[in-house]
Amino acid sequence: MMTEYRPLLMRANRLLGSALIEHNLVKFEDLEAANERLLEVAATGQVRQSSVLNILVNEKKVLREEDVLHHVYDVPDDVRKETDLDACWATWSVPFDREEDFHFIATAYYLSPAVRSYWEKKLGGQIIWQATTMEIIADFLDRLHAERGEGKKSGGTRVPFPVAGPGGSSSPVPGAGGSRPPMGGSVSPFPVPGGSKSPIAN
């Protein structure tokens, strides 16, 4: 790695580690051990392995990456209440946030024009799509069914979003503002026809 990026690498990992502690995802002693290991790996110039998250997940095995992802995403209460469960099951898609005229939708069916067309007409405005798996969609919808006293529909077991979360459309990361992190991938900056933005899967 070029020397100019080393400070960025170290700061990125240090702040991630602090956030993991703050949200009770790892123990302090495990993070300390991972930080020491990170310094060793970074000194060898192995860029791919120079990650405190990689060390905690794959070497120390004290954290699951999916637990971090599940912790990050928090659907605002108003969006949860307005969610049309039948429409979500029919399209394997879930609106999970909105910021002014922008709607964020997680979907396992992005490749279906019928799905994109339905949500574009229903919601209006710009849509930013996030590619995800059917399992994550099903698990989230199962939780909403349970919250509404309707029981489970698909038998999912994982919980991709925490139950408790702030109302409105604030960022799920304390102290942060702006749009939410994408679910299941990064936001593509290139709009596609129909006023939507395409997803990039994991």
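The chain holds eight helices and five strands. Helices (H or I, at least four residues) and strands (E, at least two) are DSSP runs, numbered from the N terminus. This is a predicted model: local features need pLDDT of at least 70, side-chain atom pairs count only at pLDDT 80 or more, and totals for chains, interfaces and linings use all residues. Residues are numbered from 1 along each chain as its sequence is written, and side-chain values use heavy atoms, with hydrogens and water left out.

**Whole chain**

- Read from the N terminus, the element order is α-α-α-α-α-α-β-β-α-β-α-β-β.
- The chain has 202 residues, and 39% of them are buried. Buried means under 20% relative accessible area, exposed means over 50%, and partly exposed lies in between (1.4 Å probe, protein chains only).
- Accessible surface totals about 11,100 Å², with 55% belonging to carbon and sulfur atoms. The areas come from the Shrake-Rupley method with a 1.4 Å probe; for residues, only the protein chains shown count as cover.
- Among contacts with a separation of 6 or more, 58% join residues 24 or more positions apart. Contact means heavy atoms within 4.5 Å.

**α1 against α2**

- Helix α1 spans residues 6-22 and helix α2 spans residues 28-43. They pack at about 165°, and their axes are 10 Å apart. Axes are lines fitted to C-alpha atoms, for helices over the stretch in contact, and angles run from 0 to 180 degrees between N-to-C directions.
- The two helices are therefore roughly antiparallel. Angles under 35 degrees count as roughly parallel, over 145 as roughly antiparallel, 65 to 115 as roughly perpendicular, and the rest as oblique.
- The crossing of α1 with α2 is right-handed. A crossing is right-handed if the near helix is turned clockwise from the far one by less than a right angle, and left-handed if anticlockwise.
- On the α1 side, the contact uses Arg6, Leu9, Met10, Asn13, Gly17, Ser18 and Ile21. On the α2 side, it uses Phe28, Leu31, Leu38, Leu39, Ala42 and Ala43.
- This contact has nine nonpolar, three polar and one charged residues. Ala, Val, Leu, Ile, Met, Phe, Trp, Tyr, Cys and Pro count as nonpolar, Asp, Glu, Lys and Arg as charged, and the others, Gly among them, as polar.

- Helix α3 covers residues 52-59. Its axis comes within 9 Å of the α2 axis, and the two cross at roughly 115°.
- The α2 and α3 crossing is right-handed.
- From α2, Asp30, Leu31, Ala34, Asn35, Arg37 and Leu38 meet Val52, Ile55, Leu56 and Glu59 of α3. By class, the α2 contact with α3 has six nonpolar, one polar and three charged residues.
- α1 packs on α3 at about 55°, with axes 9 Å apart. That makes α1 oblique to α3.
- Asn13, Leu16 and Leu20 of α1 meet Val52, Leu53 and Leu56 of α3. Here the classes are five nonpolar, one polar and no charged residues.

- Asn13 sits in helix α1. Asn13 counts as buried because its relative accessibility is 8%.
- Leaving out residues up to four places away in sequence, Asn13 touches Leu38, Ser50, Ser51, Val52 and Leu53.
- His23 lies in the loop between α1 and α2. Its relative accessibility is 23%, so His23 counts as partly exposed.
- His23 and Val68 are 45 residues apart in sequence, while their C-alpha atoms are 9.5 Å apart in space.
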